[in-house]
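Dear colleague,

Please find the structure below, followed by an account of what was found in it.

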Amino acid sequence: MREATTYTSRVVRVTIEYDGSAYNGWQVQNNAPSVQAAMESAVNRLTGTVGRVRGAGRTDAGVHARGQVAVLSLPEALPVERVPEALNSRLPDDIAVVAARECDAAFDPRRDCVMKQYSYSLTHGRVRPALGNRRSWHVKRPLDIDAMVEAAGLLAGHHDYTSFANRERAGEDNVRSVDRSELVVLPDDAFGRGRLVYYVEGRSFLYNQVRAMTGTLFGIGTGRFGRDDIPRIFAARDRAAAGESAPPWGLCLEWVLYPGEPRPIDRGGLACG
């Protein structure tokens, strides 16, 4: 039996980018691939030890990330500037550590977070995209973009978001603060397809909340709902009152912010260019 490697360790904070298409979300699953499991396997291959990689949030199956934050233990002998290269050589091509820095052992990527940004990318038009089809939701139907833009702002604030919570995972306290809910219209692509990016920011979210909010905006764009329905949807506290959840592949965790850090600029979502 191989003896466990012993070394003086330190806690390293990493920023991870991944295409979630092939994974059943961030969290380790018993019978399905996950990003967390891939990260832990890479750390094991690098250090010869088994340890948990703790992330800032549990992205769902098929959801992407450009700025997931996680902490892990690595040997002090490994320079922190070499951590991305060392881990990336042991990770699959659809996961990459893009930054690393040493942090305090007490740092908790989930509890210490003060803000997260998710983006949801949509393309609309008669012709579906092939490039980017796993990173944006293509909608053929005509959309009332002005109504969607106006309604997006009404979804922000401090509310009970039960109507936007997964029924099976909704808790007793579904009150959350959404600091930003903004639908941004990008220029059409070269083939006349419209591009939309929905930005949502807050400290924490309910399971499937952002996808349910996106699906509700889609319902407004297609005429199923009107902007005046938003207060009614909140008041209902019933998942059936809101729109269906948008598919996972348009959603991306853009960044996670911690005390004293500057807010990153918007990155334009993942909409097909």
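On a 1 Å grid over the protein atoms alone, a cavity is a set of points where a 1.4 Å probe fits but cannot get out, and a pocket is an open set with protein on both sides within 12 Å along at least five of seven lines; lining residues have an atom within 4 Å of a point. Grid points are joined across faces, edges and corners, and a volume is the space filled by probe spheres set on the points. By this rule there is one cavity of 30 Å³ or more.

The model is predicted: local features need pLDDT of at least 70 and side-chain atom pairs count only at pLDDT 80 or more, while totals for chains, interfaces and linings use all residues. Residues are numbered from 1 along each chain as its sequence is written, and side-chain values use heavy atoms, with hydrogens and water left out.

The largest cavity holds about 40 Å³ of space. Its lining consists of Leu122, Met148, Leu183, Tyr198, Thr214, Leu217 and Phe218. Helices (H or I, at least four residues) and strands (E, at least two) are DSSP runs, numbered from the N terminus; α4 provides the largest share of this lining, three residues.

The largest pocket has a volume of about 970 Å³. It is lined by 38 residues, and Gly57, Arg58, Arg110, Lys116 and Phe205 lie nearest its centre. Here too α4 (209-221) supplies the largest share, three residues.

The second largest pocket contains about 260 Å³ of space. Among its 16 lining residues, Arg13, Thr15, Val69, Val256 and Glu261 are the closest to its centre. Strand β10 (251-257) gives the most to this lining, with four residues.

Finally, helix α1 (residues 35-47) has 13 residues and should span 18 Å at 1.5 Å a residue, which agrees with its end C-alpha atoms being 18 Å apart; the expected span is 1.5 Å times one less than the number of residues. Serine 34 caps the N-terminal end of α1, with a side-chain oxygen 3.1 Å from the backbone nitrogen of alanine 37. Just after the helix, glycine 48 takes a positive phi of about 80°.

Yours sincerely

Definitions and conventions:
A polar contact is a pair of N or O atoms within 3.5 Å; within protein, one must be able to donate a hydrogen and the other to accept it, and residues adjacent in sequence count only if both atoms are side-chain atoms.
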